[in-house]
Amino acid sequence: MPSESLWTIFINASLVNNFVLAYFLGICPFLGVSSKLETATRMGGAVTFVMLVSSVCAFGIQLLLVAIDAPYLKLISFIAVIASTVQLVEMFIKKVSPALFRALGIFLPLITTNCAILGLALFQTNKGYSFVQCIVYALGAGAGVTRARVLMAGLREKLELAEVPDVTKGTAMALMIAGLLSVTFMGFGGLGG
Amino acid sequence: MSETELVSRPAPPSIWHMYRAMVGVGIVCGLLIVTAFQVTRPIIERNKAEALQKAIFHVLPNASTSATYRLDESGGFLVLEGKGVGAELVYAGYDDNHELMGLAVEAQGMGYQDVIGVIYGYSFAEEAIIGIQVLESKETPGLGDKIESDPEFLENFERLDVSLRDDLSEMANPIVPVRHGEKTHPWEVDGITGATISSVAIADILNRSAQYWMPRIRSHLSDFQGDFQGEE
Amino acid sequence: MAATSKSSTDEFIKGLWKENPVFVQVLGMCPVLAVSNTAMNALAMGLATAFVLIMSNIAVSSLRNFIPKQVRIATYILIIATFVTVVDYVIQAVSLDLYKALGAFISLIVVNCLILGRAEAFASKNTVARSVMDGLGMGIGFAFALFCLGAVREILGSGSLFGAQLFHDAFQDWVVMILPSGGFFTLAAWLLLFNWLEQRKERKAKSDEATTLALGKEAV
């Protein structure tokens with residue numbers, strides 16, 4: 001399907017098929033951590049970064065696996081290579097730019113085993129994107145995850161001041177908000193046509 | 001493995017222990033994966049072939065056997081040998097007397113939510129699309145997914161005109177979507193109210209695919225009629 | 001450790017209800033929400049996850065003395081990924097339609113926090129027999145919870161269960177329930193129910209305590 005334009009891919013990944021709100025990927029940190037706006041923004045940046053790295057990795061692995069005709073190793077090599085690459089990148093950033101490391105660093109290891117990262121790698125392979133398309137897809141997905149997190153964090157900050165029944169506190173409330181956000185994002189459908 | 005248990009207990013494990021654990025687990029895992037792959041592969045391939053066969057017969061109602069053709073670099077069609085990529089394949093359907101009934105072609109494009117994949121049947125005799133089946137779609141349940149089930153909409157594809165100009169260079173009339181109830185020409189697709197984008201998407205997908213395939217198919221008609229290659 | 005005093009039946013029971021991975025611990029949510037739009041998909045996904053969980057528990061607990069601590073996470077992931085790949089191929093072989101409906105979410109079982117969590121927290125410290133019971137309990141609890149979600153969504157969203165029509169034609173489907181947002185709402189509703197039950201139990205325990213106290217005072 002390499003006929004899709006880059007713009008379509010970006011819009012689709014970030015709005016129409018938002019990773020968090022339409023595919024439910026990366027829900028755990030979405031519900032757990034997103035209660036501060038500041039953290040949510042930084043975490044979003046870190047996710048986008050890891051997505052870019054793993055998207056490039058996954059593209060390379062896929063090329064290699066096709067070359068040696070071993071499709072059955074896809075999953076195992078995706079997860080292994082992505083996890084170790086992110087660790088390497090983390091060490092590299094720590095050495096080269098301590099400022100950037102302070103901004104992203106603590107989140108990087110947390111993110112590696114996030115479903116959104118592996119999901120991205122699997123989806124881009126299933127769709128058969130080219131290298132540039134993969135990069136754009138990763139950027140779009142990252143932007144989408146960041147947007148969902150920031151929205152969620154903003155809503156929860158407000159919610160802390162509100163009076164709610166005891167039973168709804170915590171995850172149940174977060175899920176209901178996420179549901180409403182998801183309905184809202186339905187409105188973007190058709191944009192990517 | 002039980003003998004090694006005693007050794008690794010005390011002091012912090014050496015490099016050797018780590019390597020042994022990783023490599024050992026790796027080898028066993030590798031064997032397991034390859035075995036599973038080898039055992040299931042023939043079944044999976046048979047299932048896939050059956051599903052494709054079913055779809056072909058669905059869109060070419062009179063066909064009972066089919067053969068896969070590949071578009072050659074020279075523009076002609078050859079019977080496929082080995083593996084092929086879906087984008088350059090067409091499936092010819094034959095009836096019980098080995099008479100060529102038509103071709104089934106796969107096409108895909110962007111829908112409302114995600115990519116829609118379809119397969120459609122083309123009849124040589126009628127120069128028209130005579131059947132369509134949605135293979136892949138994530139359209140909104142209850143609204144967009146009517147493209148798969150709405151009988152009025154599917155009626156469009158019982159005879160959708162895709163005839164070519166006399167010089168076979170391009171289609172005489174492009175497939176165009178129209179508003180519900182305004183269909184007047186055989187090459188128009190009557191849309192679904194409430195699922196405009198999905199029904200327009202189907203028309204666009206068919207139009208793009210037909211524009212590409214029809215001139216190529218018509219100008220190499222004889223390729224499909226040669227010696228019978230169909231399989232049950 | 002408290003767990004050692006428990007019988008294996010307790011290990012089994014706890015996953016079903018008291019520590020239900022979905023409703024109580026809220027773990028492994030990605031597949032829970034994404035493929036629970038019909039009861040069939042939900043059940044298949046639940047069973048696939050349960051299988052991987054049980055197998056990885058067995059593998060991890062039997063290798064627990066063989067794997068050095070430093071490389072344990074990497075090894076666990078390797079083991080889990082292997083079983084997921086196997087399940088992926090088996091589902092493809094059994095039913096292509098089911099495979100299409102579940103899509104990439106079968107592969108995503110790898111990153112289900114529940115499985116790695118059980119391997120790390122339970123299987124790496126317990127015997128094979130106990131780990132199997134734990135895996136069975138957690139796995140069945142997970143599959144059951146997923147089925148509950150899927151059933152509610154299918155009944156309300158398309159008026160059917162396992163594809164069989166339940167209501168009269170006049171029933172207007174709640175389309176929103178099969179859409180992604182329906183997943184969030186349904187899970188939220190189940191959590192509310194569990195929270196409510198929990199609170200009621202606590203309140204009851206408190207009032208019981210109060211009565212015993214009051215009775216005690218009277219007696220004095």
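**Entry 1: chain B, overall**

I began with burial: 34% of the 232 residues of chain B count as buried. For this, a residue is buried if 20 or more other C-beta atoms lie within 10 Å of its own, exposed if 12 or fewer, and partly exposed in between, with C-beta atoms placed from the backbone. I note that this is a predicted model, in which local features need pLDDT of at least 70, side-chain atom pairs count only at pLDDT 80 or more, and totals for chains, interfaces and linings use all residues. Residues are numbered from 1 along each chain as its sequence is written, and chains are lettered from A and ligands numbered from 1 in the order in which they are written.

I then listed the elements of chain B and found 6 helices and 9 strands. Helices (H or I, at least four residues) and strands (E, at least two) are DSSP runs, numbered from the N terminus. I also looked up contacts, where two residues are in contact if their C-beta atoms, placed from the backbone, lie within 7 Å. Of the contacts in chain B with a separation of 6 or more, 56% are between residues 24 or more positions apart.

**Entry 2: the sheet of chain B**

I traced an open sheet of 7 strands in chain B, in the order β2-β1-β3-β4-β5-β6-β7, with antiparallel pairing. Two strands pair if DSSP finds at least two bridges between them. Which strands stand at the edges? They are β2 (77–79) and β7 (160–161) of chain B; each has a single partner strand, so one side of each is left without a neighbour in the sheet.

I looked at one pair inside this order. Strand β5 (residues 115–123) and strand β6 (residues 128–136) of chain B are antiparallel and joined over 7 bridges. Tyr120(B) stands opposite Ile132(B), which is in β6(B).

Next I checked the helices against the sheet. Helix α2 (residues 15–59) of chain B packs on the sheet and touches β1 (65–71), β3 (89–94), β4 (100–110), β5 and β6 of chain B. The direction of α2 makes about 145° with that of β6(B). Helix α5 (residues 196–219) of chain B lies across β1, β4, β5 and β6 of chain B, at about 130° to β4(B). Axes are lines fitted to C-alpha atoms, for helices over the stretch in contact, and angles run from 0 to 180 degrees between N-to-C directions.

**Entry 3: Ser222(B)**

I found Ser222(B) in helix α6 (residues 222–225) of chain B. Is Ser222(B) buried or exposed? Ser222(B) has 9 other C-beta atoms within 10 Å, so it is exposed. The C-alpha atoms of Ser222(B) and Phe77(B) are 9.2 Å apart, although 145 residues separate them along the chain.

I looked up pLDDT, the predictor's confidence in each residue, from 0 to 100. Chain A has a mean pLDDT of 81, and 87% of its residues reach 70 or more. Confidence in chain A is lowest in helix α6 (residues 108–112), at a mean of 65, and highest in helix α8 (residues 131–159), at 89.

I checked the length of helix α7 (residues 115–127) of chain A. At 1.5 Å a residue, its 13 residues should span 18 Å, and its end C-alpha atoms are 18 Å apart, which agrees. The expected span is 1.5 Å times one less than the number of residues. 11 of the 13 residues of α7(A) are buried, so this helix is largely enclosed by the rest of the structure. The buried residues include Cys115(A), Leu120(A) and Phe123(A). After α7(A) comes Gly128(A), with a positive phi near 65°.

**Entry 4: two loop residues of chain A**

Phe24(A) is in the loop between α1 (6–16) and α2 of chain A, and is buried, with 29 other C-beta atoms within 10 Å. Asp69(A) is in the loop between α3 (37–68) and α4 of chain A, and counts as exposed, with 7 C-beta neighbours inside 10 Å.

**Entry 5: chain A against chain B**

I found 10 residues of chain A in contact with 11 residues of chain B. The side of chain A that touches chain B has 3 nonpolar, 6 polar and 1 charged residues. Ala, Val, Leu, Ile, Met, Phe, Trp, Tyr, Cys and Pro count as nonpolar, Asp, Glu, Lys and Arg as charged, and the others, Gly among them, as polar.
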